[in-house]
Amino acid sequence: MAVAVYRGGIPADAPAAAHESVGAALALPDGGLREQAREAFTTALHSASTLSAVFALVTAAVVLTLLRKVPRT
């Protein structure tokens, strides 16, 4: 998911290397593209972190719900 968000933040006319990695995009001489790559990377990282946090909370809720039915020993 993070890769898709990153690639969606890079302009379509950017070099192929910029679509493959943020490191390659930062190595290019175009300052505007470097800024877009940084922004796309940050957005992708935030999206992945948010999705992971939601998944962890849902998993915790399911586990707590299922453990209520287990008798105490």
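Is R7 buried, partly exposed or exposed? Select R7: its relative accessible area is 37%, and R7 is partly exposed. On this scale buried means under 20% relative accessible area, exposed means over 50%, and partly exposed lies in between, with a 1.4 Å probe and protein chains only.

Before going further, note that this is a predicted model, in which local features need pLDDT of at least 70, side-chain atom pairs count only at pLDDT 80 or more, and totals for chains, interfaces and linings use all residues. Residues are numbered from 1 along each chain as its sequence is written, and side-chain values use heavy atoms, with hydrogens and water left out.

**Colour by confidence**

pLDDT is the predictor's confidence in each residue, from 0 to 100. The mean for the protein is 94, and 100% of its residues reach 70 or more. Confidence is lowest in α2, with a mean of 93, and highest in α4, at 96. Helices here are DSSP runs (H or I, at least four residues; strands are E, at least two), numbered from the N terminus.

The term requires a side-chain nitrogen of Lys or Arg within 4 Å of a carboxyl oxygen of Asp or Glu. E20 counts as exposed, at 56% relative accessibility. Side chains of opposite charge can pair when their charged atoms come close.

**H19**

Next, select H19, which is also in helix α2. H19 has a relative accessible area of 18% and is therefore buried. With neighbours within four places in sequence left aside, H19 is in contact (heavy atoms within 4.5 Å) with Y6, R7, I10, P11, A12 and A14.

**The nonpolar core**

Which residues make up the largest nonpolar core? Select Y6, I10, A14, A18, A25, L28, L33, A37, A40 and A44, ten residues in all. Helix α4 (residues 31-67) supplies the largest share of this core, four residues. A nonpolar core is a set of buried Ala, Val, Leu, Ile, Met, Phe, Trp, Tyr and Cys residues joined through side-chain atoms within 4.5 Å.

Two members can be looked at one by one. Start with L28, found in the loop between α3 (22-27) and α4. L28 is buried, at a relative accessible area of 19%. Apart from neighbours within four places in sequence, L28 is in contact with P15, A18, L33 and R34. For scale, draw a distance from L28 to A61: they are 33 residues apart in sequence and 45 Å apart in space, C-alpha to C-alpha.

Then select A44. Not counting residues up to four places away in sequence, A44 touches A2, V5 and Y6.

**Along helix α4**

Move to T43, which lies in helix α4. T43 counts as partly exposed, at 34% relative accessibility. Its C-alpha is 7.3 Å from that of V5, although T43 and V5 are 38 residues apart in sequence.

F41 is in helix α4 as well. Its relative accessible area is 39%, so F41 is partly exposed. Leaving aside neighbours within four places in sequence, F41 is in contact with Y6 and V22. A distance drawn between the C-alpha atoms of F41 and E20 reads 12 Å, for residues 21 apart along the chain.

Where is the other charged pair? The structure holds two salt bridges, and E35 with R38 is one of them, at 3.6 Å from N to O. Both residues lie in helix α4, three residues apart, about one turn of the helix. E35 is partly exposed at 44% relative accessibility, and R38 is partly exposed at 42%.

**A nonpolar patch**

Last, select V54, V58, V62 and L66 and show the surface. These four form a nonpolar patch on the surface, with about 350 Å² of accessible area together. Such areas come from the Shrake-Rupley method with a 1.4 Å probe, and for residues only the protein chains shown count as cover. Patches are made of residues with over 30% relative accessible area and no salt bridge; like charges are joined within 9 Å, and nonpolar side chains (Val, Leu, Ile, Met, Phe, Trp, Tyr) within 5 Å. V62 lies in helix α4 and counts as partly exposed, at 45% relative accessibility.
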